[in-house]
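Dear colleague,

Please find below the structure for your review. My findings follow directly after it.

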Amino acid sequence: DRLTRIEALLADEPEGVTRTALRYLLSDRRVSVVLCGVSDGNELEVCASVSDGVYLSEERIAEIEEVEG
């Protein structure tokens, strides 16, 4: 399925799937805020850590969008 393919694609990402997914959303210049539900401090840290203005490369975005179909 699509999630399995995306997880396989992002397996080499040092930040992991969750942070990379959030960066993917924030890499869209039309998006300025991503609301995350959190259940503990670790999840809050993950969500807050991607607000540093670092975006995914155009190449990585294209790879993800290719999987999305």
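Ala11 is exposed in this predicted model, with a relative accessible area of 61%. A residue counts as exposed when that value is over 50%, so the 61% of Ala11 places it in that class. Ala11 is located in the loop that connects helix H1 (2–9) with helix H2 (16–26). Its C-alpha atom is separated by 16 Å from that of Asp1, 10 residues away along the chain.

Leu10, however, is buried, and its relative accessible area is 4%. The threshold for a buried residue is under 20%, which is why Leu10, at 4%, is classed as buried. Setting aside neighbours within four places in sequence, Leu10 is in contact with Val17, Thr20, Arg60 and Ile64. Leu10 and Ile64 are 54 residues apart along the chain, while their C-alpha atoms are separated by 8.6 Å.

Ile64 itself is found in helix H4. It is buried, with a relative accessible area of 5%. If residues up to four places away in sequence are not counted, Ile64 touches Leu9, Leu10, Tyr24 and Leu56. Between Ile64 and Leu3, which are 61 residues apart in sequence, the C-alpha to C-alpha distance is 11 Å.

Which residues make up the largest nonpolar core? There are seven: Ile6, Leu10, Tyr24, Leu56, Ile61, Ile64 and Val67. Helix H4 (residues 58–68) provides the largest share of this core, namely three residues. A second, separate core consists of five residues, including Leu22, Val46, Cys47 and Val50. As background, nonpolar side chains in soluble globular proteins tend to be buried together.

Tyr24, a member of the largest core, touches Leu56, Ile61, Ile64, Glu65 and Glu68, again not counting residues up to four places away in sequence. Tyr24 is also one of the buried residues of H2, where Arg19, Thr20, Leu22, Arg23 and Leu26 are buried too. Against which helices do the buried residues of H2 pack? They pack against helix H3 (41–49) and H4.

Turning to the chain as a whole, its secondary structure comprises four helices and zero strands, in the order α-α-α-α from the N terminus on. The radius of gyration is 12 Å, close to the 11 Å that the globule rule gives for 69 residues, so the chain is as compact as a globular protein of that length. Along the principal axes, the C-alpha trace spans about 30 × 25 × 20 Å.

Of the 69 residues, 26% count as buried. Where contacts join residues at least 6 apart in sequence, 70% of them link residues at least 24 apart. The accessible surface of the chain amounts to about 5000 Å², and 52% of this belongs to carbon and sulfur atoms. With regard to charge, the chain carries 7 positive and 16 negative side chains, and the centres of these two sets lie 4 Å apart.

With kind regards

Methods: Residues are numbered from 1 along each chain as its sequence is written. This is a predicted model: local features need pLDDT of at least 70, side-chain atom pairs count only at pLDDT 80 or more; totals for chains, interfaces and linings use all residues. Side-chain values use heavy atoms; hydrogens and water are left out. Helices (H or I, at least four residues) and strands (E, at least two) are DSSP runs, numbered from the N terminus. The radius of gyration is taken over C-alpha atoms; the globule rule is 2.2 Å times the number of residues to the power 0.38. Buried means under 20% relative accessible area, exposed over 50%, partly exposed in between (1.4 Å probe, protein chains only). Contact means heavy atoms within 4.5 Å. Accessible areas come from the Shrake-Rupley method with a 1.4 Å probe; for residues, only the protein chains shown count as cover. Lys and Arg count as positive and Asp and Glu as negative; His and the chain ends are not counted. The place of a charge is taken as NZ of Lys, CZ of Arg, CG of Asp or CD of Glu. A nonpolar core is a set of buried Ala, Val, Leu, Ile, Met, Phe, Trp, Tyr and Cys residues joined through side-chain atoms within 4.5 Å.
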